[in-house]
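This report describes how parts of one protein chain are arranged. Please keep the sequence and the structure in view while reading.

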Amino acid sequence: MRDTDVIGHDLLAWYDANARDLPWRVGPAARRAGERPDPYRVWLSEIMLQQTTVAAVRDYFHRFTTRWPTVTALAEAEDAEVMGEWAGLGYYARARNLLKCARVVAGELHGTFPDTREGLLALPGIGPYTAAAVSSIAFDRAETVMDGNVERVMARLFDVHTPLPAAKPELFAHAEALKPLERPGDHAQAVMDLGATICTPRSPACGICPLIGVCTARARGTAPELPKKTPKKPKPIRRGIAYLVQRSDGALLLETRPDKGLLGGMLGWPGTEWAEAPPEDPPIETEWRTLPGEVRHTFTHFHLILTLQASTVGPEAMPTRGQFMPRAEFRPSDLPTVMRKAFDLWQAKS
DNA sequence: AAGCCGTGGTA
DNA sequence: TTACCAAGGCT
């Protein structure tokens with residue numbers, strides 16, 4: 001057998017015995033018995049898992065599939081419902097694209113997901129990784145699935161020292177050479193499970209790795225330092241003010257943020273820009289009290305220090321931004337994390 | 001094509 | 001406390 005066949009065989013044997021039990025997964029035994037996963041659940045899980053850990057996804061996946069069991073049900077949901085259910089999971093463009101995609105599948109494709117990489121790639125929110133993953137996992141098509149796990153496993157198996165992201169084509173070629181024609185879905189999941197549980201970024205468990213005998217980095221002692229990555233830029237600090245306005249009947253002044261950009265489409269408190277720019281006009285004429293303390297939150301590319309200003313207004317107050325939401329309709333869990341932190345601080349200090 | 005886009009866990 | 005990291009996609 002070729003080395004690539006040995007790796008594929010050992011990997012599948014390991015997967016058969018060690019596959020993680022995941023809510024969206026049909027395990028290797030059931031899969032070999034002919035059971036097929038629900039493409040809707042596979043797609044939903046893959047969108048949620050983009051740059052996100054399994055531990056963070058589990059509860060969200062359960063809530064989404066309970067509330068919207070099919071792609072058609074999801075397609076009929078209102079935007080605010082879906083954004084509220086996604087709140088806290090991050091990368092909110094995923095939620096906007098999730099709904100767009102569900103509406104295309106339900107409205108134009110009779111509720112059936114495409115089964116090919118190309119067909120999936122044409123849908124909103126589905127890129128090269130997700131298209132390959134869904135066609136492979138849900139439809140057992142032989143596609144090369146390349147995510148962060150696969151990159152790391154390939155870099156170690158073949159001792160690739162080229163830093164990411166420049167190394168991607170080289171790593172993809174290695175992954176493609178390993179791609180089997182049999183059980184491609186299980187193979188893809190096996191590589192990712194290996195990367196998530198054994199071939200981990202820090203302190204890889206080489207001692208119990210099924211591929212220890214064929215791993216070049218292991219033989220050369222370089223596994224823990226791979227893959228190499230180009231250094232990241234430091235994160236600047238931005239500041240801003242958030243205004244927490246409560247009406248005398250308890251209603252809270254909130255606004256839905258524009259679809260584009262940071263926290264796009266999410267509910268939040270009116271506020272200034274987050275930068276070094278001078279504060280803008282507050283969203284309502286009133287007396288402000290500055291709350292003690294501040295909200296600290298780190299986004300992908302900057303740190304934020306948010307100060308809070310609070311006020312209580314009468315029933316006649318007319319805001320220039322946002323709208324009052326009755327307290328009974330307000331759920332803190334509908335807020336993205338930074339906005340929920342602001343709410344928590346306001347409650348603690350009020 | 002390089003920057004933008006969240007969050008919580010971990011060392 | 002800080003920095004790194006995770007089943008990436010869009011523009």
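## Terms and basis of the model

Axes are lines fitted to C-alpha atoms, for helices over the stretch in contact, and angles run from 0 to 180 degrees between N-to-C directions. Helices (H or I, at least four residues) and strands (E, at least two) are DSSP runs, numbered from the N terminus.

This is a predicted model, in which local features need pLDDT of at least 70 and side-chain atom pairs count only at pLDDT 80 or more, while totals for chains, interfaces and linings use all residues. Residues are numbered from 1 along each chain as its sequence is written, chains are lettered from A and ligands numbered from 1 in the order in which they are written, and side-chain values use heavy atoms, leaving out hydrogens and water.

## Helices H3 and H9

Two packed helices are described by the angle between their axes and the distance between the axes. For helix H3 (residues 39-48) and helix H9 (residues 128-137), the axes come within 10 Å and cross at roughly 150°. H3 and H9 are therefore roughly antiparallel to each other; angles under 35 degrees count as roughly parallel, over 145 as roughly antiparallel, 65 to 115 as roughly perpendicular and the rest as oblique. H3 passes H9 in a right-handed crossing. A crossing is right-handed if the near helix is turned clockwise from the far one by less than a right angle, and left-handed if anticlockwise.

Contact means heavy atoms within 4.5 Å. On the H3 side, Val42, Trp43, Glu46 and Ile47 meet Tyr129, Thr130, Ala133, Val134 and Ile137 of H9. Seven of the residues in the contact of H3 with H9 are nonpolar, one is polar and one is charged. In this scheme, Ala, Val, Leu, Ile, Met, Phe, Trp, Tyr, Cys and Pro count as nonpolar, Asp, Glu, Lys and Arg as charged, and the others, Gly among them, as polar.

## Helix H7 and its partners

The axes of H3 and H7 come within 10 Å and cross at roughly 160°, so H3 and H7 are roughly antiparallel to each other. Their crossing is right-handed. Here Trp43, Leu44, Ile47 and Met48 of H3 meet Arg94, Leu98, Cys101 and Ala102 of H7. This contact of H3 with H7 has seven nonpolar residues, no polar residues and one charged residue.

Helix H6 (residues 79-86) and helix H7 (residues 93-108) have axes that come within 9 Å and cross at roughly 135°. H6 and H7 are therefore oblique to each other. The contact joins Asp79, Val82, Met83 and Trp86 of H6 to Arg94, Ala95, Arg96, Leu98, Leu99 and Arg103 of H7. By class, the contact of H6 with H7 has six nonpolar, no polar and four charged residues.

## Backbone features

Most residues other than glycine have a negative phi, and most peptide bonds are trans. The bond from leucine 164 to proline 165 is cis, with omega near 5°, and proline 165 is found in the loop between helix H10 (148-157) and helix H11 (168-178). The bond from leucine 226 to proline 227 is also cis, with omega near -5°; proline 227 lies in the loop between helix H13 (216-220) and strand E1 (237-247).

Arginine 183 has a positive phi, near 50°, although this residue is not glycine. Arginine 183 lies in the loop between H11 and helix H12 (184-197).
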